[in-house]
Amino acid sequence: MSVWRRSLSFATRPRPQFPYGTGQPIHETRPHSINPGDITPGISAEEYYQRRVRLAHKLPPSSVAIVSGSSVQFASGSVFHPFQQNTDLFYLSGWNEPDTVIAVEVDANHEMTFHMVVPPKNPHKDKWEGDKSGLEGAYDVFNADIVVDSHQGKRHLTELVDKAQHVFIDSTKPQLASLGLSSALNQLSGRSGAKPVAPIIAKLRAIKSASEQRVMAAAAKASSRAIHHAIATSTNTPFRQEKTLARFLDYSFVLHGCDGPAYIPVVASGANALTIHYTRNDDVIYDDELVFIDAGGKLGGYCADISRAWPHRGKFSEPQKDLYSVVLECNKQCIDHCVPSNSLHDIHEVSVSLLLKGLQQLPGFSHVSRTEVARSLYPHYIGHHLGIDLHDVPSVSRFDPLQPGNVVTIEPGLYIPKDDKWPKHYQGIGIRVEDDVVVGSSSATITNLTAGCVKEIADIEALIANGVTTPGVGEEQLNLL
């Protein structure tokens with residue numbers, strides 16, 4: 001029996017009376033995935049409003065902050081890529097439709113007005129692309145105070161900037177389909193005194209609210225179950241090709257409740273894992289090799305990011321077990337360091353020390369130096385912020401102390417080149433163990449969102465030997481929130 005969040009009848013599609021087209025999914029049109037009061041899965045209209053309020057509080061009186069959305073990008077001719085909204089605009093509004101500009105205006109008394117410049121409905125275009133929310137939806141659903149047709153957007157934005165004493169706008173923007181809007185934004189961002197708005201928004205985005213943490217926990221849970229589903233296939237019908245496993249993961253993320261994959265996965269057999277971002281996924285998988293994956297699903301715009309490795313046919317070899325144990329112990333200890341007294345850089349330095357110490361205890365590695373670990377055997381960073389973007393808010397410095405509510409990845413790894421400088425039986429093994437962690441106010445309040453994804457050697461081998469026993473794995477999930 002499939003697992004449903006609420007009781008819904010699927011016998012006949014209901015026909016809600018809606019005063020305008022559906023546009024992007026909302027509760028009234030997609031009640032199976034969006035709860036009442038939410039604009040996007042798990043995030044309420046009230047929370048989007050409070051985000052704009054917090055931005056307004058960061059701005060001086062008599063100011064305006066302008067954020068440009070994205071346009072649909074085309075691969076060739078009329079063949080388009082999946083739409084990707086400017087994540088700052090999405091964060092402030094929940095709006096996920098193209099060719100839009102928003103503005104947060106703060107008057108002399110610090111009162112806020114929310115402006116949206118959106119394309120009007122176009123019946124001919126909508127016949128091909130699907131309905132859009134239009135001006136009515138921006139006002140009624142997304143709670144804009146002032147909504148302007150994009151054809152009048154250039155004049156409206158110019159007037160906003162002319163009356164403001166302080167202007168905040170990104171200096172680089174995607175080219176919108178409306179040439180008038182694009183030219184206006186280019187002119188306004190070039191005005192004397194205009195400052196970038198993205199760094200201000202980044203500091204807001206870096207601390208995840210309780211609602212954001214719940215959405216990310218749901219994405220992590222669904223992604224963990226999908227990965228269990230993939231590992232467990234080694235029991236009877238193991239995947240023979242990397243690309244088959246990659247597509248199975250994409251399918252499994254959706255099956256277990258995500259909207260889709262968060263990014264192109266890494267699915268690497270054997271020495272392919274020595275390439276940190278191996279996304280070709282076009283080789284075969286051999287029985288004596290480790291399968292390494294870096295993959296995650298996305299839910300309501302929020303990403304999960306998980307790395308795991310397992311023996312293709314059930315049992316770790318001794319060299320595989322040796323290296324895996326060093327990486328796993330480093331992963332677990334670094335998670336314990338996700339507290340406000342540390343920065344990501346501090347934790348990275350800890351990870352290098354732990355990997356160095358662990359390697360030096362293995363036969364043939366006693367001579368390894370810290371420099372060799374940091375530059376050759378572990379050439380990437382310990383982690384990054386995670387959220388709406390996979391590498392969320394990159395403008396936040398790695399040297400800044402972590403704050404409660406930050407969500408970061410902890411992903412140490414070891415990659416032993418095929419070089420006779422290193423013991424032969426370890427060569428060609430690449431391992432990374434990655435979890436998604438909510439920074440706590442103390443070590444007792446750290447939350448590992450991906451704790452449910454197996455990573456102990458005994459648990460991985462048991463999963464391969466016995467298959468999935470977790471209730472709900474392999475069953476379609478409609479709503480995790």
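A residue is classed as partly exposed when its relative accessible area falls between the buried limit of under 20% and the exposed limit of over 50%. The close-up views below are taken from a predicted model.

**View 1. Asn143 in the loop between α4 and β8.** The loop that holds Asn143 runs between α4 (134-140) and β8 (146-149). With a relative accessible area of 35%, Asn143 is partly exposed. The phi angle of Asn143 is positive, near 65°, in a residue other than glycine.

**View 2. Ser62 in the loop between α1 and β3.** Ser62 belongs to the loop between α1 (45-58) and β3 (63-68). Although Ser62 is not a glycine, its phi is positive, at about 55°. Ser62 has a relative accessible area of 13% and is therefore buried, the cut-off being under 20%.

**View 3. Thr233 in the loop between α8 and α9.** Thr233 is located in the loop that lies between α8 (210-232) and α9 (242-255). Thr233 counts as buried because its relative accessibility is 14%. A polar atom of the Thr233 side chain lies 2.5 Å from the backbone oxygen of Ala230.

**View 4. Surroundings of Thr233.** When neighbours within four places in sequence are left aside, Thr233 is in contact with Pro238, Phe239 and Phe248. His312 is 79 residues from Thr233 in sequence, and the C-alpha atoms of His312 and Thr233 are 9.7 Å apart in space.

Note on methods. Residues are numbered from 1 along each chain as its sequence is written. This is a predicted model: local features need pLDDT of at least 70, side-chain atom pairs count only at pLDDT 80 or more; totals for chains, interfaces and linings use all residues. Side-chain values use heavy atoms; hydrogens and water are left out. Helices (H or I, at least four residues) and strands (E, at least two) are DSSP runs, numbered from the N terminus. Buried means under 20% relative accessible area, exposed over 50%, partly exposed in between (1.4 Å probe, protein chains only). Contact means heavy atoms within 4.5 Å. A polar contact is a pair of N or O atoms within 3.5 Å; within protein, one must be able to donate a hydrogen and the other to accept it, and residues adjacent in sequence count only if both atoms are side-chain atoms.
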